[in-house]
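Reader: Please take me closely through one part of this model, setting it in the context of the chains around it. I would like the cut-off behind each term stated as you go.

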Amino acid sequence: MENQIEIKNLSKRFRQKRVLEGINCIFKNGIYGILGPNGAGKTTMMRCITGLYSFQGTIEMNGKKIKKTPQTEIGYLPQKFGLFPELTVWEMMTYFCNLKKIPKADQYQVIEDALHMVNLISQKKTKISKLSGGMVRRLGIAQAFLGNTKVILLDEPTAGLDPEERIRFKNIISNMSKDRIIIVSTHIVEDVEACCDHIMVMNRGKKLFMGTNEKLIEYADGRITELKAGDLTQEDILFVEKSYLQDGEKTYRVIMKHPVEAAAKSNVEDGYLCLLKEH
Amino acid sequence: MSFEGALKNKMTRILIQWRGMKWLRYIPFLVNYFILPGTLYAFSKFVDNYELENYFVQLSFLFIPIMSIWWIVLILHEYTEGKGSEVLWIYEKGKLTDVLIFLAMYILSLIPFMLCAMNVLMVDIALFGQMFAQSFFYAGTIYMLAFMFHSVTAAFIPVFAYNLYAYDRIYQLLEKANINSIQSSGYYLFIGIIFFGIGITYHKNL
């Protein structure tokens, strides 16, 4: 079943500060990455979709205007997650099953499947206060996927996860994306590049880009080059990405304002930085 | 989901929240069934029955209403100060039912204490009616302040301060007025309902 979230002219203000401004976009089944620096409005937009915040504009889910997403159809993982430290993993998952109105007869299997998915089944009787930070994060991902959720919103889901866990996370959401809208908010480009079908770039409350990885890369096509230290004074440089040693000499990977000859191959991060620096 | 299923779900959540309180859930029992009677027993060695009844009234009004919000504070803590509490706000539209259930559980837990006091000290049942009305008022106040300040700690302090103030005032009122007067109970119930309503409004408009 094709699900759709359509956001029209979404704006949000906190007192005098405008945090979101005129966001228009459509999400359909698949995995969407929302990229942006801190303060871009990613979390605020997610909270508007979940109904935590009031907002100007409209959000429609499958054609119906909504102010609050029905709780049984949404899964949400906030930036910080560490509830009920005195409960066991199983008890906490049972609590969330109850909140999501999952029938008691189905709860055992649903919880087992969710804990297997995040590789926490061996910890089901462990108290949450005894889990490591990465395990608590995985538990948060598991509760987001409980039930018949059509929309999953994950805010910085890989925060605190080690590299192996981050790879596992990418595999999890890839497997669970069928017949669902999964929206992942992050400032880590690698996470988005590896598992998302579409990317949305935000900065200062505005949407700068929405499209595929390939379309984002095109922004930096022909503009990536390597320069030595002495060449950094050029006026054509838009941004210095990083430095490294090459043949014993310090070399800089830079984004130029205009296409250059013999440019290096660009990637998602290059396209993302191009967008940010030019807007 | 059927009504029966919804009721089972609710009871399971109440039980899980009860377990989540750990040993702290026993504090009201410790106060009402050990500290309060123990203190009265100690006093009984030095005072006559009439004065003992007065001390019972004083100590009961000092402890019983404030203990009524203990379990409520513990269950609201995750919703207001827990890491990631916003996820609970999405899935659960209101906490009012749970708060009222825990308040009712507390009142029911006092029945043995009440019966004992009525038989041993000949305490009037209306006294407990006033205490329960004050407990309802405290529950409404905590509910309102917890969602207003997003903090149970910030909510508890004014209620605790009021309890100390009210303890002295109520004792004076009881001395002056008829102990069976329901006027103070009525006020407490009315204001408690208003505060619950304000708390619901704050809860809905995060």
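Author: In chain A, among contacts between residues at least 6 apart in sequence, 69% join residues at least 24 apart, two residues being in contact if their C-beta atoms, placed from the backbone, lie within 7 Å. This is a predicted model, in which local features need pLDDT of at least 70 and side-chain atom pairs count only at pLDDT 80 or more, while totals for chains, interfaces and linings use all residues. Residues are numbered from 1 along each chain as its sequence is written, and chains are lettered from A and ligands numbered from 1 in the order in which they are written.

Chain A has 8 helices and 13 strands, where helices (H or I, at least four residues) and strands (E, at least two) are DSSP runs numbered from the N terminus. Chain B, by contrast, has 10 helices and 0 strands, and 80% of its contacts between residues at least 6 apart in sequence join residues at least 24 apart. Of the 206 residues of chain B, 33% count as buried, that is, with 20 or more other C-beta atoms, placed from the backbone, within 10 Å of their own; for the 279 residues of chain A the share is 42%.

The part to look at closely is a helix pair in chain B. The axes of helix H3 (residues 49–67) and helix H8 (residues 125–149) of chain B come within 9 Å and cross at roughly 30 degrees, the axes being lines fitted to C-alpha atoms over the stretch in contact, with angles from 0 to 180 degrees between N-to-C directions. H3(B) passes H8(B) in a right-handed crossing, meaning that the near helix is turned clockwise from the far one by less than a right angle. On the H3(B) side the contact is made by Val57(B), Ser60(B), Phe61(B), Ile64(B), Pro65(B) and Ile66(B), and on the H8(B) side by Leu127(B), Met131(B), Gln134(B), Ser135(B) and Tyr138(B). By class, this contact has 8 nonpolar, 3 polar and no charged residues, with Ala, Val, Leu, Ile, Met, Phe, Trp, Tyr, Cys and Pro counted as nonpolar, Asp, Glu, Lys and Arg as charged, and the others, Gly among them, as polar.

The side of chain B that touches chain A has 7 nonpolar, 7 polar and 8 charged residues. There, 22 residues of chain B are in contact with 25 residues of chain A, and H1(B) gives the largest share of the chain B side, 8 residues.

Terms used: A residue is buried if 20 or more other C-beta atoms lie within 10 Å of its own, exposed if 12 or fewer, and partly exposed in between; C-beta atoms are placed from the backbone.
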